[in-house]
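Dear colleague,

Here is the structure that I promised to pass on to you. My notes on the ligand and its surroundings follow directly below it.

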Amino acid sequence: MKKELKYILPDTFLEKLKQIRNYGRSLYLFKLDKKRFLQNYSKKNFVNEEQLKARLIFYSHSVEKGLARENFRYYFGKNVIPELYRLVKLYKKSNYDTYNSIYLNAVSVLNQYISVHEEKRYDVKPIINVQEFKEFYLNHNFKIGGAKQLSCVDVNKNYRKNFKNLALERNSVRDYQNSSVDLKKINEAVEIALKTPSVCNRQSSRVRIIQDKTIIEKALKIQGGFNGYTCPPCLIMITTDTNYFIDVTERNQIYIDGGLFAMSLLYALEYEGLAACALNTMFDIKRDKKTRKLLDIPDSENLILYITVGNFKKNYKVPMSHRLCVNEITSYI
Ligand SMILES: Cc1cc2nc3c(=O)[nH]c(=O)nc-3n(C[C@H](O)[C@H](O)[C@H](O)COP(=O)(O)O)c2cc1C
C-alpha cells in the first residue's frame, strides 16, 4: 500500500505528509523528554536517595568553591551551610548509606568550613551547630572535600604529558594571571578540538573567542556563575548550529555534539598550558536573549557553554571536586 501510494501521489504531497509525520513525532519525543525530566529531577522536598545525593553534591560544591576563593570571605555561605547541614542530617535520618562517598564528601566540606573559621577563632555556631555536627556526623577524618592548594610547576610542558596524566591533573581554574593569553595557543586548541567526533561528521559546533574586556564583563554578569572572580583575559562561547541537523530524532544530538566538542577543547587548552573553567549557559529566556544580543548569536544556534581562559598563576586554589568510583557508576551486562 505504502509503495503504491508512492507511485500515485505527487512528490510534493508526499513531502508534505512526511513533514506532518515528523511534526507529530517531534511532539511525542519532546513530550517524553519533558516527562522524564519533570518526573525525576531533584526537587527541593524530595527525599529519594539519589535526589538527595544530587543536592548534597550541589551544595557541597558551592561551599568548596567558596573555600577555594583567592579573595576568601569568612562567614560566606550563610544560607548554603545550613541547607547543606540540613541535607546531611536528613540523609542520615533516612538511613541511607553513610559510607557513601557523596555523603562523606559533604561532611568533609562542612568540616573544612568549620576548621578554617576555628583556626582564626571565628564563631560559626550561629550558622551551624558545631558540637552536634562533630558528635553525630563527623565520624571520619577523610579530607575528600573542600579546597586544595596547587602550584603551577611547568605548564609549558603539559604537551609532554600522556593522556592519563593530562586528564587526571586537569582542574577547573577560576583565578588567572593578569596577562593576555596567546591567541595562537587558543587557535591551536580549537584545531585539536575540531577532531572531536560528531554525529555523521556534522561538525555543528561554533566557537566565539572573546578578548574584549567590556564584553567579557557584560557576558559574565549575565551568566551569573562567576561572580566575585576577577575578569578573565579570554572567554569562549561554544554553540551548535541547528541548521546542521536533519531529523527530529536528532533533537538531543545538538547538545551531545556540543558537549563532546567542549570537552575536547578543555583538554586541548590544558595541553596548551592554559588555565580554564567551563561555565554553564542554562539560562532563562531573559538571560538567553541578552547573551544572544551581546554576542550576536542567531536563534538557530544553541548555547552549549562558556569557557573562561587565562594563564596559570604560580600558586592557586581549586575545589577538590570529589569523583565517584568506577563501581559506583558502572554496571556490567
Ligand atoms: C557544563 C558545565 C557548566 C559549568 N558551570 C560552571 C559555572 O557556572 N561556574 C563555575 O564556577 N563552574 C562551573 N563548571 C565547572 C564545574 O564546577 C567543574 O567542572 C566540576 O566541579 C568538576 O571540577 P573539575 O573541572 O575541577 O574537575 C561547569 C562545568 C561544566 C562541565
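In this predicted model, a backbone N or O atom of glycine 225 lies 3.3 Å from a nitrogen atom of the ligand, which I list as a polar contact, meaning a pair of N or O atoms within 3.5 Å. An oxygen atom of the ligand is 2.8 Å from a polar side-chain atom of asparagine 280, and an N or O atom in the side chain of serine 321 lies 3.2 Å from an oxygen atom of the ligand. On its own the ligand has 620 Å² of accessible area (Shrake-Rupley method, 1.4 Å probe), of which the protein covers 73%.

The shell around the ligand holds 15 residues (a heavy atom within 4 Å), and the closest are Arg170, Ser172, Arg174, Asn280 and Arg323. With four residues, β4 gives the most to this shell, and by class the shell has four nonpolar, seven polar and four charged residues, where Gly counts as polar and Asp, Glu, Lys and Arg as charged.

Residues are numbered from 1 along each chain as its sequence is written. As the model is predicted, local features need pLDDT of at least 70 and side-chain atom pairs count only at pLDDT 80 or more, while totals for chains, interfaces and linings use all residues, and side-chain values use heavy atoms, with hydrogens and water left out.

Best wishes

How values were computed
Polar contact = N/O pair within 3.5 Å; in protein donor to acceptor, adjacent residues only side chain to side chain. Helix = DSSP H or I, 4+ residues; strand = E, 2+ residues; numbered from the N terminus.
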